[in-house]
Amino acid sequence: MRTSEIHRRFLAHFEKKAHEVVPSASLVSNDPSILFTIAGMVPFIPYIVGSEKAPYDRAVSVQKCIRTNDIENVGRTTRHGTFFQMAGNFSFGDYFKAGAIDFSWELLTSSVDEGGYGLDPERLWITLWEEDQESYDHLTEVIGLDPSRIVRLPWEESCWDTGQPGPAGSTGEWYYDRGPEYGPDAPTGTLPQWPGDERAEDRYLEIWNLVFDQFLRGPGKGKDYQLLGELDQKAIDTGLGVERLAYLLQGKQNMYEIDQIFPVIEKAQELSGRRYGADEEDDVRLRIVGDHVRSALMLVGDGVRPGNEGRGYVLRRLIRRAVRSMRLLGHTDPSMPHLLPISLRLMAESYPELEAHAERITEVVCAEEDAFRRTLETGTALFDQVARSATEGGGRVLPGDEAFKLHDTYGFPIDLTMEMAAEVGLQVDADAFRAAMQEQRERARADAAAKKTGHTDTAVYNRLLTERGGEVPFLGYTEDTVAT
Ligand code: ATP
Ligand code: MG
Ligand code: MG
Ligand code: MG
């Protein structure tokens, strides 16, 4: 089943159940306190916290999401994308636990011919709050789920809240058991996902999170708060990972191999001459390319431009990581002009508006690749020089101030310097690098203070300009922790 079909079926299923179909909001959230839309419920927050009256009792959406906290997972777990689509159904004071469980169960397990996803009911597990008897009874008595596949957890491990006084609730998470070839059996009565065991999480794949907003919580940090009573208007908020379901239904090993991403990886193979499946490190890089190209496409599609801070910096980092991954795969020529149009064609199946902006999106992404390629070229010459003088006397350390210079003047991410250093048997003096960064921060602070008092000596900028014979290249000095 194509990913776009999973998307379509989700909306159709809930539309049949009298849900208002709400289009995906932009990735750029209206809420200035979060950079990006990170979940399907974000656009509905006012209805859930009750600050606004919802114009409908039931809604359904497939929301575009960006999660930068998952960036290091990309390509290494089977299930984390920086961009992904979260399908969700919502009830604002209408149906509650039993309704949410019924709707999700029906969609997951009804046959493909009947409009469902056709998952084997025997492979589905669910986690619940141990005191949520209502859901437990419904699952065992009405749905007929085997109690050995219901995992009951303490509040701390199963609750949801906004971190502030307001609505809170327990959750039910649907997991799909991919089978013993993906890891050991879950010990009876424990979670399909036991903390820190990545393998377990890849065997028992979390696919759908149901949130039952039932209580009002008081103040307190973390999980240290009291439940003050039941909400007047209870709510349901759910999120199904479209890509996760796609990889299960398409019989693939991970989300990067689905129809919406893999053709980009195939092109990257062709460009680089590396074969997917031959080497684990290469595979990770190819998956990073597949993921990041798509995220960049969707971000630029929603109006984000590369920059040195905030959203723009996230976009810049994604493009750079994709470009670097291609270089590490041995492809040093521009790759975005080849990869981006493929991703665009694939995503346009669900987001036809991308076609209208194809030219602009391609231009932005390709220009950013070109800028980074120039950075790499100039920086590499300096790096070689520094590395040579470091190794000459049999040294093993690349001085921190040189790493800082590469970073500050050429926009060379520190991890790139570290990796290139490792390739020639050197280790970067990270402490000295950090100290130089710190010193620069203090300098910047002092400059800002001077500016406020109107005593900035602009001569220093002029001097820099003449020394360098032109514009001072500002390539960004945001702390960059790009991996691989
Ligand atoms: P995980 O524990 O696997 O990181 P999560 O609990 O952080 O997932 P939720 O916040 O519950 O995820 O989001 C709802 C659903 O969205 C998940 O059940 C999953 O199917 C999907 N999802 C979450 N994060 C990602 C991601 N980075 N890439 C793809 N799908 C995701
Ligand atoms: Mg997560
Ligand atoms: Mg989880
Ligand atoms: Mg979850």
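Which residue has a backbone oxygen that lies 2.8 Å from a polar atom of the side chain of Thr171? In this predicted model, that residue is Ser158. The pair is a polar contact, defined as two N or O atoms within 3.5 Å, where within protein one must be able to donate a hydrogen and the other to accept it, and residues adjacent in sequence count only if both atoms are side-chain atoms. Thr171 belongs to strand β7; helices (H or I, at least four residues) and strands (E, at least two) are DSSP runs numbered from the N terminus. Thr171 is buried, with a relative accessible area of 8%. Buried denotes under 20% relative accessible area, exposed over 50%, and partly exposed the range in between (1.4 Å probe, protein chains only).

Residues are numbered from 1 along each chain as its sequence is written, while chains are lettered from A and ligands numbered from 1 in the order in which they are written. Because the model is predicted, local features need pLDDT of at least 70 and side-chain atom pairs count only at pLDDT 80 or more, whereas totals for chains, interfaces and linings use all residues, and side-chain values use heavy atoms, with hydrogens and water left out.

The surroundings of ligand 1 are considered next. The shell of this ligand holds 16 residues, the closest being Asp70, Arg79, His80, Glu206 and Asn209; a residue is counted if one of its heavy atoms lies within 4 Å of the molecule. By class, the shell has five nonpolar, five polar and six charged residues. In this scheme Ala, Val, Leu, Ile, Met, Phe, Trp, Tyr, Cys and Pro count as nonpolar, Asp, Glu, Lys and Arg as charged, and the others, Gly among them, as polar. Strands β3 (83–92), β8 (204–217) and β9 (227–241) each contribute at least two residues to the shell, and β8 gives the most, with four residues.

Polar atoms of the protein approach ligand 1 at several points. A polar side-chain atom of Glu206 is 2.7 Å from an oxygen atom of the ligand, and a backbone N or O atom of Ile207 is 3.0 Å from an oxygen atom of ligand 1. A polar backbone atom of Gly81 lies 2.9 Å from a nitrogen atom of ligand 1. The protein covers 84% of the 590 Å² of accessible area that ligand 1 has on its own, as computed by the Shrake-Rupley method with a 1.4 Å probe.

The magnesium ion (ligand 4) is coordinated at 2.2 Å by Glu173 (OE), Glu206 (OE) and Asn209 (ND2). Donors are N, O and S atoms within 2.8 Å of the metal (3.2 Å for Na, K and Ca), and since water is not among the atoms, sites may look incomplete. The spacing of the donor residues in sequence is E-x32-E-x2-N. Glu206 bridges the magnesium ion (ligand 4) and the magnesium ion (ligand 3), which lie 3.3 Å apart. Glu173 lies in strand β7 (residues 166–177) and Glu206 in strand β8, so the pair ties together parts that are 33 residues apart in sequence. Both Glu173 and Glu206 are buried.

Cysteines were also examined. A disulfide is a covalent bond between the sulfur atoms of two cysteines. With the criterion of a pair of cysteine sulfur atoms within 2.5 Å, the count comes to zero. Cys65 is buried, at 0% relative accessible area, and Cys159 is likewise buried, at 14%.

Thr162 lies in the loop between β6 (159–161) and β7 and is partly exposed, with a relative accessible area of 38%. The side chain of Thr162 reaches the backbone nitrogen of Gln164 at 3.4 Å. The C-alpha atoms of Thr162 and Val49 are separated by 9.2 Å, although these residues are 113 residues apart along the chain.

Most residues other than glycine have a negative phi. Ala18, which is not a glycine, has a positive phi of about 65°. Ala18 is located in the loop between α1 (3–16) and β1 (20–21) and is exposed, at 57% relative accessible area.

Helix α13 (residues 358–392) contains Arg374, which is exposed at 53% relative accessibility. Arg374 and Tyr410 are 36 residues apart in sequence and 9.3 Å apart in space, C-alpha to C-alpha. Thr391 is also found in helix α13 and is partly exposed at 31%. The C-alpha atoms of Thr391 and Gly425, 34 residues apart along the chain, are separated by 8.5 Å. Gly425 follows α15 and has a positive phi, near 75°.
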